[in-house]
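Hi everyone, thanks for making time this morning. I'd like to walk you through one model, starting with a helix and what surrounds it, then some salt bridges.

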Amino acid sequence: MPPRFIRELIPRRETRAPLGAVVVSFKSLTWVQWAQFWSGWLAWTCDALDFVAVSLTVPLLSEQFGKSTSAITTALTLTLLFRSVGAVIFGMISDRFGRKWPLVVNLILCCVLELGTGFVDTFSQFLALRALFGIAMGGIWGLSSSSALENLPVELRGLASGILQEGYIVGYILAAVINLTLVAQHGWRALFWAGAAITCFAAVIRALVPESPFFLRVKEQEKAKGTNTSQNFLRQTKEMLKLHWLLCIYAVLLMTGLNFLSHGSQDLYPTYLQITKGFSAHNATVATIISNCVRSYSGGAIGGWASQYIGRRLTIVFCVLLVGVFIPLWVLPSSFSALSAGAFCVQVGVQGAWGVIPIQLAEMSPPAFRATFPGVVYQLGNMVSAASAQIEATGGNNLKTTIMKDGVLTVVPDYATATIFIGAIAAFVIVIAIIGPENHGSHFENADADACGDEAMDHKSQTSCREVDEKSSA
């Protein structure tokens, strides 16, 4: 008999949502549920816009501060390293005090630091602000995903997970469009100022949306039972780590692989087109928009929707296999059309796998930590993969190639060869996805704080709160 993780790779029939149930669930959504979801999506979009602002302007920043590409990517590394700190701080605050105001404060901090980045004069100031920005943006993903998904019917969560995660690509596209228009006329600082304005708008929108009904319901149940989870939060955190340490390690490994895959295929892509392939800044930006535009939802939304029927892990495996198949088309050609097509196909796979992650982490999360757990493991994976851009930049600087530039053969860094390590990362993600747990179709929204805090602590983390309640009744 095959191991359990193989037998459960495809979810049980009773956990799969019929197609009719999806339509019924869409019709049943209230304006509060819609508002919760789209405000979380907008926050995550701003997070992406603010982060990729550095990736899109690496050549301009290098010229501004007189630094190499490898030195400029230190800013990306610092941001990724410090994001885990923000995930812990804002995740714990959100699980104790609510989804709304912690996210509003988080967005305002991102806005201020992004605005400040546009006024720096020295490289040291730039690095310091990007490190602080990493702390601020670290809380966005956990808070936005919990706000967006925990109030939706279980039948919609797969599709909603994919749409939510693709907010990152919408942010990437917005940044690329701003880079193509404002930056071309007013310089790199305009991209950071525009990002600050959009983030401020997202904070205002979130402030107008009511608090999460799920969170309010849990607090009412606490009050009725005379308990206060907030006072015991640190104790519960210790218990959770003691009982679910293996789950935490697995989730961090999965996030490490997927973050390497994502950042390794995106962060230096515009620089790779300009330096190794000899594209102009304009054409590199257009290629970036093409590779991100349609795949934003063709990858993530379809991946999230498919996971509702064939399972979360199997969807990740299929999508990452797609990445491996199209890596040659992403690296070998020299023409604009072929490289754009290769990048599109690779990113469909990358984003298809990522489209599953918000709901996969929410379902496997210990119930009392649905904002903290996903955010922290996601950002810890980011921290481990923080050097992805620097690895590629250093590899490119040591692996040279020649291109025809202005009619002369010119030696340039070979970023194409350096990015082949993505193939190894893809193999790692496939293995990790297959051997991991899955709590497909968990009805965590039906549980109260007490059942999810104490009783569920003694159960496997894959068991949903609803299952705990049913067993207690039996």
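Before we look at the packing, one definition: contact means heavy atoms within 4.5 Å. Helices here are DSSP runs of H or I with at least four residues, strands are runs of E with at least two, and both are numbered from the N terminus. Please keep in mind that this is a predicted model, where local features need pLDDT of at least 70, side-chain atom pairs count only at pLDDT 80 or more, and totals for chains, interfaces and linings use all residues. Residues are numbered from 1 along each chain as its sequence is written, and side-chain values use heavy atoms, with hydrogens and water left out.

So, what covers the buried residues of α20? The cover includes α8 (140-149), α9, α14, α18 (312-331), α19 (336-354) and α21 (372-384). Buried means under 20% relative accessible area, exposed means over 50%, and partly exposed is in between, with a 1.4 Å probe and protein chains only. Eight of the eight residues of α20 are buried, so α20 is largely enclosed by the rest of the structure. Among them are Pro358, Gln360 and Glu363.

Let's take one of those neighbours. The axes of α14 (residues 245-266) and α20 (residues 357-364) come within 12 Å and cross at roughly 175 degrees. That makes the two helices roughly antiparallel, a label for angles over 145, with under 35 roughly parallel, 65 to 115 roughly perpendicular and the rest oblique. Axes are lines fitted to C-alpha atoms, for helices over the stretch in contact, and angles run from 0 to 180 degrees between N-to-C directions. On the α14 side the contact includes Leu247, Tyr250 and Leu258, and α20 brings Ile357, Leu361 and Met364.

Now the salt bridges, each a side-chain nitrogen of Lys or Arg within 4 Å of a carboxyl oxygen of Asp or Glu. How many are there by this rule? The count comes to four.

Thanks, and I'm happy to take questions!
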